[in-house]
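This report goes through one protein chain, from the whole fold down to single residues. Please keep the sequence and the 3D view open while reading.

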Amino acid sequence: MNKLLLAALVTGALAQTAFAQDYTIMAPAAPGGGWDQTARTMQQVMQDEGIAANVQVTNVPGAGGTIGLAQFANQAQGDPSQLIVGGYVMVGAILTNQSPVTLDNVTPIARLTGESEALVVPANSPIQTLDDLVAQLKENPGSVSWAGGSAGGTDHILAGLVATAVDVDPTQINYIAYSGGGEALAAILGGQVTVGVSGYGEFASQIEAGELRLLALSGESRLEGVDAPTLSEAGVDVVLENWRMVAAAPGITPEQEAEINADIAAMVESDAWQEALASRGWVNTYLAGEDFKAQLAKDITATEGILRQIGLVQ
């Protein structure tokens, strides 16, 4: 009897493992940026927590994620093992690039994280404070080169909002778009640009090492343990938080969508995920299912309004 019971338990465990969903997560950007970090953190946590036996990450960079999004929408049709990360940057890039493929062409699953944007300069920059940056921007907008992610994304939007807030024409900003965080970081550290804009997590190690000077953060409140003011505190009336999401393939069944939602919920609730958020300076903004889809529609409308304001969408 005991042998039979043991055999049944072993068989059940093996069956559970066999039916666990494997995933491939597309990061629609080059390695090193926020989407890549999100996808690889998901990979690590889902495998370590036994949510999925095997998780692969692929990178398809370009045009604020819209190249990867188009490839995903066309090739992943009906495949519940395929996921893609995206977020605020992608919303802006779709509008700016007038992409024929939009988030309507995938199955939104959940918003995962929020993150303050950081404004940084190289450690040897003559710009010591946000006031110094604003003074140069007012004197000659074109002399301030901004390095960030794709055109129309969160970084670009923030640069435009900062300009607007200090009475500088946002259409005059000198914004240089990079397809990946690694490329932008190299340009900032190499002094090829005046200021860098990205999520705090992408600059954290260089800030801690003293290679970059953090001028300000874009969120509503300071980050715990980080000695830098918010833009609002420093006299620039702008609040902006990036957010990142995960979506599934188009054409999956409601049952498959529910299973993916359950896996993502298990990931978000795990200690490993919470530890990853803390280490990267990400805020847990988890919102799933129909609630997330409704919020996403609102965010798209609001983003279009901001992009029109700063001249990126006509």
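Helices (H or I, at least four residues) and strands (E, at least two) are DSSP runs, numbered from the N terminus. Just after helix H8, for example, Gly210 takes a positive phi of about 80 degrees. The model is predicted, so local features need pLDDT of at least 70 and side-chain atom pairs count only at pLDDT 80 or more, while totals for chains, interfaces and linings use all residues. Residues are numbered from 1 along each chain as its sequence is written, and side-chain values use heavy atoms, with hydrogens and water left out.

**The whole chain**

The chain has eleven helices and ten strands. Along the principal axes, the C-alpha atoms fill a box of roughly 85 × 40 × 30 Å.

Of the 314 residues, 54% count as buried. Buried means under 20% relative accessible area, exposed over 50%, and partly exposed in between, with a 1.4 Å probe and protein chains only. The chain exposes about 13,700 Å², and carbon and sulfur atoms supply 50% of this area; the areas come from the Shrake-Rupley method with a 1.4 Å probe.

Contact means heavy atoms within 4.5 Å. Among contacts with a separation of 6 or more, 77% are between residues 24 or more positions apart.

**Two domains**

The domain assignment gives domain 1 (20–114 + 241–310) and domain 2 (115–217); such bounds come from an automatic or database domain assignment. The C-alpha centres of the two domains lie 25 Å apart. In the contacts between them, 27 residues of domain 1 meet 21 residues of domain 2.

**Two covered helices**

In each of these helices, which residues are buried?

| Helix | Residues | Buried residues |
|---|---|---|
| H4 | 88–96 | Tyr88, Val89, Met90, Val91, Gly92, Ala93 and Ile94 |
| H8 | 200–208 | Tyr200, Gly201, Glu202, Phe203, Ala204, Gln206 and Ile207 |

Helix H4 is mostly covered, with seven of its nine residues buried. The buried residues of H4 pack against helix H2 (34–48), helix H3 (66–75), strand E3 (82–87), helix H6 (154–165), strand E9 (241–248) and helix H11 (289–309). Just after H4, Gln98 takes a positive phi of about 50 degrees.

Helix H8 is largely enclosed by the rest of the structure, because seven of its nine residues are buried.

**Two single residues**

Leu240 has its place in the loop between strand E8 (212–217) and E9. Is Leu240 buried or exposed? Leu240 counts as buried because its relative accessibility is 6%. Leaving out residues up to four places away in sequence, Leu240 touches Tyr88, Glu117, Thr154, Ile157, Leu158, Ser218 and Gly219. Tyr88 in this list is one of the buried residues of H4. Leu240 and Asp169 are 71 residues apart along the chain, and their C-alpha atoms are separated by 19 Å.

Ile300 is found in helix H11. At 29% relative accessibility, Ile300 counts as partly exposed. With residues up to four places away in sequence not counted, Ile300 touches Val91 and Leu95. Ile300 and Leu103 are 197 residues apart in sequence, and their C-alpha atoms are 9.8 Å apart in space.
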